[in-house]
Amino acid sequence: MVHLLSIWFLVVAFSGAGLVNAISTSGTRSDFARWGYPRWWGIVTGGLEILSAALIALPVSRIVGVALAAVIIAAAVFTVLRHRDHAHLAPLSVFVTLIALAAISS
């Protein structure tokens, strides 16, 4: 049961984060600019997050989706630590926990 819930929470979380980044709100754009990324980087990130969610949702590609999700979140954690933007660590820790649960219970 924990496995199934972690999978679907991960799908919902990455879909939501992907939409927010792909839509590229002013807050999202300013965050990416402050971190030194180009203006279009949020769209790329959002696309990768949505792709990750889709891969996780399908049992045949779940391992690839979880691996992609882990790479995305590792890059995000590295970015916020590098820029000492610790306010973003709490949401990222939720993603790390969900990825760990999905990977362990697979």
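This is a predicted model: local features need pLDDT of at least 70, side-chain atom pairs count only at pLDDT 80 or more; totals for chains, interfaces and linings use all residues.

Modeller: Residues are numbered from 1 along each chain as its sequence is written, and side-chain values use heavy atoms, with hydrogens and water left out.

Biologist: Why is the pairing of Asp 31 and Arg 34 called a salt bridge?

Modeller: The N to O distance between their side chains is 2.8 Å. A salt bridge requires a side-chain nitrogen of Lys or Arg within 4 Å of a carboxyl oxygen of Asp or Glu, so the pair of Asp 31 and Arg 34 qualifies. Both residues lie in helix H2 (residues 26-34), three residues apart, about one turn of the helix; helices are DSSP runs (H or I, at least four residues) numbered from the N terminus.

Biologist: What makes Asp 85 and Arg 34 a link between separate parts of the chain?

Modeller: Asp 85 forms a salt bridge with Arg 34, with the closest N and O atoms 2.7 Å apart. Asp 85 lies in the loop between helix H4 (62-82) and helix H5 (89-104), whereas Arg 34 belongs to helix H2, so the pair ties together parts 51 residues apart in sequence. The search of the whole structure finds two salt bridges.

Biologist: How do you know whether Asp 85 is buried or exposed?

Modeller: Its relative accessibility is 13%. Buried means under 20% relative accessible area, exposed over 50%, and partly exposed in between (1.4 Å probe, protein chains only), so Asp 85 is buried. Asp 31, at 18%, is likewise buried, while Arg 34, at 47%, is partly exposed.

Biologist: Why are H1 and H4 called oblique?

Modeller: Helix H1 (residues 2-23) and H4 pack at an angle of about 55°, with their axes 12 Å apart. Axes are lines fitted to C-alpha atoms, for helices over the stretch in contact, and angles run from 0 to 180 degrees between N-to-C directions. Angles under 35 degrees count as roughly parallel, over 145 as roughly antiparallel, 65 to 115 as roughly perpendicular and the rest as oblique; H1 and H4 are therefore oblique to each other.

Biologist: Which residues of H1 and H4 make the contact?

Modeller: Among them are Ile 7 and Phe 14 of H1 and Val 66 and Ile 73 of H4, contact meaning heavy atoms within 4.5 Å.

Definitions and conventions
Helices (H or I, at least four residues) and strands (E, at least two) are DSSP runs, numbered from the N terminus.
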